[in-house]
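Hello,

Here is the structure I said I would pass on.

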Amino acid sequence: MLQLRFHGRGGQGVVTSAELLAVAAFIDGRHAQAFPSFGSERMGAPVQAFCRIDDAPIRAHEPVSRPDVLVVQDPTLLHHVDVFAGLAADGFVLLNSRHGAAPLGDAELPLPTGHVRALPATDLALEHLGRPLPGPVLLGALAALTHAVRLGSLTAAVEQRFIGATAEGNVAAATAGWEHIGAAAHA
Amino acid sequence: MRRQLEGSRAVAETVARCRPQVVAAYPISPQTHIVEALAGLVASGALRPCEFLNVESEFAAMSVAIGATATGSRSYTATASQGLLFMAEAVYNASGLGLPIVMTIANRAIGAPINIWNDHSDSMSQRDSGWIQLYAESNQEAVDLHMQAFRLAEQVELPVMVCMDGFVLTHAVEPIDVPEQEAVDAFLPPYAPRQRLDPADPVTIGAMVGPDAFMEVRYLMHAKQRLALDLIPRIAGEFAATFGRDSGGLVRGYRLDDAETVVVALGSVLGSIEDLVDARRARGERLGALAIRCFRPAPLEQIRSALAGASRVVVVEKAFAVGAGGIVGQDVRLALHGTGVPVHDVIAGLGGRPVTAEALDPVITRAWTGELAELTFLDLRRDVAERELARLPGAIA
């Protein structure tokens with residue numbers, strides 16, 4: 001089972017990201033579950049959402065405490081929340097950052113090479129979606145980095161959820177995230 | 001056909017396919033998505049004929065459901081937490097009058113302190129109201145239980161609460177099959193009440209009843225609940241034959257064969273418990289789980305029979321009787337009366353504190369080694385509680 005935890009702030013689409021990923025996994029023919037950890041339900045407050053993907057039906061409904069993948073939508077959370085709690089030794093970290101991995105500071109994450117990736121997801125979202133919502137960019141990057149879902153399933157999930165220009169913008173943002181990681185892999 | 005759906009959306013679509021003629025609700029977290037979706041289905045014309053009443057309170061919601069059902073309309077509402085408490089007076093009237101209302105409880109803690117997260121304090125507070133109470137382990141079961149609930153309520157002439165864990169299920173997106181309209185219609189015939197309020201053929205429903213007959217009316221409620229003990233498995237059996245899913249019924253055992261230790265629970269926490277059973281079974285330990293799917297009527301004989309081989313029982317429950325102990329645990333002790341099997345109450349997950357397999361694992365070990373107290377509060381920060389207790393006037397340090 002692949003377990004993912006999303007960290008962000010209220011209004012950034014954290015819950016939507018986890019749900020889109022679960023729908024994409026479902027389109028891939030797998031079992032998936034997504035749910036939020038509701039905090040104070042305020043714009044800007046730290047928010048978590050969880051996703052599980054497996055080939056067998058998923059029974060547990062408890063929060064993901066030992067994630068295989070962390071998606072950090074807002075780098076300012078690194079100093080306020082224990083984002084890395086329980087992260088698997090061979091886990092992945094995707095960080096929305098304009099300054100590469102610099103926001104991680106001196107924190108040496110004992111993860112395999114290439115498992116910690118940073119990308120300017122908000123800037124890419126502004127470019128392709130026109131709104132500062134890093135979620136779809138990070139989902140595209142996640143698909144490229146972990147192969148948790150196929151990019152085509154992700155865009156299909158986006159198109160189930162949104163219509164018109166919003167769907168197109170989200171697809172473009174996801175594709176940009178996917179290419180950002182994919183291009184770096186082949187550089 | 002299975003779709004990846006939010007639990008609330010799936011329940012709303014299912015309720016719509018049960019063709020309620022009246023939906024009356026007041027929004028409260030975490031029930032809100034259910035009634036929002038139903039309001040949308042009524043407004044769009046997808047659900048008709050149906051009147052959606054966005055009432056001014058939960059008390060009004062239940063009162064409208066009572067009136068509508070008394071005139072012969074299939075009625076539905078949903079609430080949680082303080083909403084259920086505010087509704088309580090009318091809740092008792094619905095069951096006393098034998099009106100087959102179906103209500104979803106999106107289980108949530110009761111304040112103070114104010115808390116929007118999941119536990120079972122709300123539905124457990126209405127334990128003795130005369131309503132049948134069913135608990136869903138998953139969103140699929142929540143869907144299935146709603147279809148069964150209308151059948152059950154209308155056949156036994158009692159209202160039914162379908163309890164699903166707030167946020168944990170209501171806000172979880174999972175693969176769910178919402179049966180097609182034709183299949184629901186075949187399973188659930190239109191509501192045909194024995195009697196109803198009709199100016200053309202007047203009857204009185206809800207007259208004052210004095211000491212000469214009150215006891216009989218209350219006894220009838222109890223007797224009907226006991227009859228439901230036969231009806232509930234029959235409906236679940238018919239449901240399984242039609243839809244191919246084991247949903248509903250009274251209790252469900254998980255790997256109970258030869259189990260020495262059995263964990264009893266209700267609701268969504270069973271998923272983690274079953275994962276724990278599998279993990280410990282893989283180590284050769286004889287652990288099993290028992291889901292109480294129907295809490296009221298209390299399936300005492302079925303609990304006793306399911307636990308017949310157990311040497312010890314651990315009841316994990318998300319509510320408690322303050323000043324006494326477990327609530328579900330009391331039922332389990334009653335079921336096991338005279339067997340001498342020890343029953344341990346583990347109060348867990350109050351106000352949304354996650355109940356994890358990792359936290360339950362050492363509790364099971366302690367039950368095995370005889371170190372588990374009769375009453376335990378899982379993950380309680382005892383130091384915090386004791387510091388506050390020490391501040392009581394007259395506290396002995």
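**Two domains in chain B**

Chain B is divided into domain 1, made of 2-183 + 208-243, and domain 2, which covers 251-383. Please keep in mind that the model is predicted. The centres of domain 1 of chain B and domain 2 of chain B, taken over C-alpha atoms, are 26 Å apart.

How many residues of domain 1 of chain B are in contact with domain 2 of chain B? There are 26 of them, and they meet 21 residues of domain 2 of chain B. On the domain 1 side, at least two residues each come from α5 (121-125), β6 (132-135), β7 (160-165) and α8 (214-243) of chain B. The largest share belongs to α8(B), with five residues. Sorted by class, this side of domain 1 of chain B has 14 nonpolar, seven polar and five charged residues.

**Where chain B touches chain A**

The two chains also touch: 19 residues of chain B are in contact with 17 residues of chain A. On the chain B side, two or more residues each are given by β8 (173-177), α9 (270-282) and α12 (357-368) of chain B. Of these, α9(B) gives the most, with four residues. The side of chain B that touches chain A divides into nine nonpolar, six polar and four charged residues.

**A pair of helices in chain A**

Two packed helices are described by the angle between their axes and the distance between the axes. In chain A, the pair to look at is helix α1 (residues 14-27) and helix α3 (residues 135-146). Their axes come within 9 Å and cross at roughly 40°. Why are α1(A) and α3(A) called oblique to each other? An angle under 35 degrees would count as roughly parallel, and one of 65 to 115 as roughly perpendicular; the crossing angle here is roughly 40°, so α1(A) and α3(A) are oblique. The crossing of α1(A) and α3(A) is right-handed.

To find the contact on screen, select A:T16, A:S17, A:L20 and A:L21 in α1(A), which meet A:G135, A:L138 and A:L139 in α3(A). The contact of α1(A) with α3(A) has four nonpolar and three polar residues, and no charged ones.

**Backbone points to check in chain B**

Most residues other than glycine have a negative phi, and most peptide bonds are trans. Here are some exceptions to look up.

- B:S29 and B:P30 are joined by a cis peptide bond, with omega about 0°. B:P30 sits in the loop between β2 (22-25) and α2 (32-43) of chain B.
- B:R296 and B:P297 are also joined by a cis peptide bond, with omega about 5°. B:P297 is in the loop between β12 (294-296) and α10 (300-306) of chain B.
- B:R19 is not a glycine, yet its phi is positive, near 55°. B:R19 lies in the loop between α1 (7-17) and β2 of chain B.
- B:D258 is not a glycine either, and its phi is positive at about 60°. B:D258 lies in the loop between β9 (251-254) and β10 (261-265) of chain B.

B:D258 has 8 other C-beta atoms within 10 Å; the limit for exposed is 12 or fewer, so B:D258 is exposed.

Regards

Note on methods: Residues numbered from 1 in each chain as written. Chains lettered and ligands numbered in written order. Predicted model: local features only at pLDDT ≥ 70, side-chain atom pairs only at ≥ 80, totals over all residues. Domains from an automatic or database assignment. Contact = placed C-beta atoms within 7 Å. Nonpolar A, V, L, I, M, F, W, Y, C, P; charged D, E, K, R; others polar. Axes fitted to C-alpha atoms, helices over the stretch in contact; angles between N-to-C directions. Parallel < 35°, antiparallel > 145°, perpendicular 65-115°, else oblique. Left-handed = near helix turned anticlockwise from the far one by under 90°. Buried ≥ 20, exposed ≤ 12 C-beta atoms within 10 Å, placed from the backbone.
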